[in-house]
2 protein chains.
Amino acid sequence: MNQNRNVLLTPGPTPVPPEALKILSQPIFHHRTPQYRKVFGRVSLGLQEVFQTKSNVFTLTSSGTGAMEAAVVNFLSPGDTILVAHAGKFGERWLELGKSYGMNVLSVSAPYGEAIDPAEIRKVLQVNPFTKAVYTTHCETSTGVTYDIQSIAEMVSKSNAILVVDAISGLGADPLPQDEWKVDVVVSGSQKALMLPPGLAFISASERALALNKTSTCQKYYCDLKLYQKAFLDSDTPFTPALTLVLALEETLKLIQVKGLRSHLNETARLADATRAALRAIKLELFAKSHPSNAVTAVKVPNGIDGEKLIKIMRDEKGVTMAGGQGSMKGKIFRIAHMGYITKEDLTIGLQILCETLSALGFQASSEEAVHYFNETYKRPTAKEVYR
Amino acid sequence: MNQNRNVLLTPGPTPVPPEALKILSQPIFHHRTPQYRKVFGRVSLGLQEVFQTKSNVFTLTSSGTGAMEAAVVNFLSPGDTILVAHAGKFGERWLELGKSYGMNVLSVSAPYGEAIDPAEIRKVLQVNPFTKAVYTTHCETSTGVTYDIQSIAEMVSKSNAILVVDAISGLGADPLPQDEWKVDVVVSGSQKALMLPPGLAFISASERALALNKTSTCQKYYCDLKLYQKAFLDSDTPFTPALTLVLALEETLKLIQVKGLRSHLNETARLADATRAALRAIKLELFAKSHPSNAVTAVKVPNGIDGEKLIKIMRDEKGVTMAGGQGSMKGKIFRIAHMGYITKEDLTIGLQILCETLSALGFQASSEEAVHYFNETYKRPTAKEVYR
């Protein structure tokens with residue numbers, strides 16, 4: 001392992017900025033105090049800005065999956081019909097959750113690497129007008145594809161169903177103006193574009209969703225949003241929070257506020273575009289057939305190259321950590337994140353090490369060319385700079 | 001607020017040692033790596049030593065309550081009969097959890113400040129031989145009382161029920177040799193005697209408990225121990241862990257290992273004894289009628305003193321944080337922790353500030369006397385130094 005280099009380019013955890021690390025190294029204090037409640041109040045407001053919603057954003061101490069579970073058990077009753085629109089590992093988690101909680105689960109899918117077709121969702125909803133909720137994914141971290149949430153939401157908002165979006169990796173990286181697009185529930189986590197270690201998860205809920213919450217009979221306790229809503233009135237959580245992460249979240253939210261959410265999203269878009277241009281320049285094929293995410297780029301491992309070995313050499317010998325493929329994608333793709341606190345410099349080094357390692361393994365890739373295309377593309381304002 | 005002083009004497013979070021704070025300020029790395037798995041493997045073994053069990057100890061990313069929920073939904077099926085033995089706020093949480101998940105909940109209780117009588121549990125189990133599980137508390141943090149888990153376990157182990165113990169605040173402070181005492185399930189959390197920020201919870205399960213897990217039909221996903229067991233085989237967790245807390249846990253477990261669990265428990269017992277002696281010396285009344293916990297001492301607020309004001313002045317003006325009473329105990333008691341990384345020096349300062357503040361509020365308390373009795377008692381080996 002290269003002791004002098006620690007470039008983390010995985011789609012969660014992502015690098016934590018020094019401002020947040022500093023907070024994490026401070027002596028701890030108690031959370032049932034005005035001091036903590038003030039911070040938690042500010043953090044909750046800051047989260048609303050990133051979620052672009054007027055709804056409350058509740059903070060859970062859990063992995064992102066804990067908030068996904070909250071998004072199932074709080075709005076449904078056993079036997080309810082739900083529609084899961086999925087094309088990757090994390091979309092499939094909605095299927096598993098729905099089945100675990102006794103739902104009647106309808107499904108719309110697309111092959112890995114492709115986006116969900118909103119028209120397919122419409123068809124299923126037309127045939128099943130009693131569908132209670134549609135569950136889908138903002139950025140499917142396992143394939144690097146974003147779905148057209150705006151079109152999906154446009155359609156679902158006209159149906160009887162609420163729309164629940166897993167934006168664990170996408171929030172703060174790809175645009176997702178919750179209220180403007182009429183998304184009912186957005187779920188996210190701390191260790192992606194919010195630039196923190198894992199341990200916190202978030203869930204926002206629209207009025208429509210909260211109305212369903214009132215009649216939901218799913219059994220729940222730890223993630224019962226009624227308890228979170230009640231505690232929220234006192235700027236509090238029902239159970240002891242991972243409070244040092246909340247304190248650090250105030251710092252990372254400040255970084256986004258100072259920059260402005262729009263600039264933050266645009267910078268992420270530029271880094272993503274530049275990364276993709278560099279990868280194409282060295283003749284690598286992107287895994288996303290369309291709608292590549294700005295959070296993470298998935299890349300096909302070239303023929304004849306051992307994908308797991310590639311990741312291992314870069315990580316253990318050169319200090320650059322990218323992510324491999326998950327499940328059936330193992331060894332077939334690798335993934336480079338470009339969100340949160342990941343910088344132009346991190347990506348430049350990452351691309352250089354990638355080229356160096358690919359070449360050593362027998363796939364010639366010019367580091368100069370990759371960096372040249374990266375820089376040239378980064379300089380140009382991208383077509384996507386229309387984010388609000 | 002006294003900027004130079006930050007003495008934290010609350011029963012969770014407790015002070016975090018510098019060795020752990022240092023780890024928390026390091027750049028983060030990825031958890032699906034051999035590097036992390038090695039740490040997690042060592043931490044899991046270290047937890048077994050503190051739990052004093054050969055059973056696996058599973059690590060959840062949640063508050064302690066998340067692991068309490070896991071201890072309900074993993075071993076039961078809706079409609080099962082359970083017995084909750086409670087005499088405080090956290091015991092009542094088992095009642096709430098049992099009811100939330102549709103159990104037939106029997107109850108044995110005692111007034112706040114008293115311990116559960118094991119004979120009462122026996123009586124209920126005799127009349128209800130199909131009781132599936134007994135839920136109780138090791139140290140009831142809200143009252144500062146420990147229950148006689150050894151006697152309770154002795155009896156429950158002869159019944160058809162498993163015994164589940166909430167040791168969130170007691171583990172590592174009061175003795176609880178899980179296997180020797182035949183406790184089936186022990187639940188704990190990171191922010192008490194394990195000296196970490198909140199965010200991790202732990203649950204160990206005996207063979208008897210795991211047998212119940214196989215037939216349990218409670219709906220679950222995020223805290224489904226089958227998923228944790230499977231991941232455990234690869235030194236892994238099913239969902240992204242709060243990995244920086246796991247890394248820091250390795251450091252705090254090392255502190256206990258170096259000292260030895262027995263010495264660690266004995267030191268906690270000495271601090272607890274000394275604290276109680278000091279409080280008695282200044283004519284304060286302990287809330288625990290018997291079985292005071294070594295984790296935390298609850299003290300009655302003297303007549304005529306505003307308990308909430310007392311806590312507030314000490315915290316905001318003098319930099320010493322103790323905990324107030326919870327729920328119906330609010331304003332009536334306050335609580336001083338003496339577990340984990342809390343030192344003799346912390347407690348000496350805490351007692352001095354307590355005397356100073358009580359005196360200012362009109363209850364004369366001699367700081368010299370308190371510290372004298374504290375020191376004299378600390379010097380003597382306590383009667384309780386029999387912990388293994």
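**Helix packing and domain contact**

In chain B of this predicted model, Arg270(B), Asp273(B), Ala274(B), Thr275(B), Ala277(B), Ala278(B) and Ala281(B) of α11(B) meet Glu369(B), Ala370(B), Val371(B), Tyr373(B), Phe374(B), Thr377(B) and Tyr378(B) of α14(B). Two residues are in contact if their C-beta atoms, placed from the backbone, lie within 7 Å. Helices (H or I, at least four residues) and strands (E, at least two) are DSSP runs, numbered from the N terminus. By class, this contact has nine nonpolar, two polar and three charged residues. Ala, Val, Leu, Ile, Met, Phe, Trp, Tyr, Cys and Pro count as nonpolar, Asp, Glu, Lys and Arg as charged, and the others, Gly among them, as polar.

Helix α11 (residues 261–281) of chain B packs against helix α14 (residues 367–379) of chain B at an angle of about 145°, and their axes are 8 Å apart. Axes are lines fitted to C-alpha atoms, for helices over the stretch in contact, and angles run from 0 to 180 degrees between N-to-C directions.

In chain A, the assignment, which is automatic or taken from a database, gives domain 1 (7–14 + 260–379) and domain 2 (18–258). Over C-alpha atoms, the centres of these domains of chain A are separated by 27 Å. Contact between them involves 27 residues of domain 1 of chain A and 30 residues of domain 2 of chain A. On the domain 1 side, α11 (261–281) and β11 (296–300) of chain A are the elements that give two or more residues; α11(A) provides the largest share, four residues. The residues of that side divide into 13 nonpolar, twelve polar and two charged.

Residues are numbered from 1 along each chain as its sequence is written, and chains are lettered from A and ligands numbered from 1 in the order in which they are written. Local features need pLDDT of at least 70 and side-chain atom pairs count only at pLDDT 80 or more, while totals for chains, interfaces and linings use all residues.
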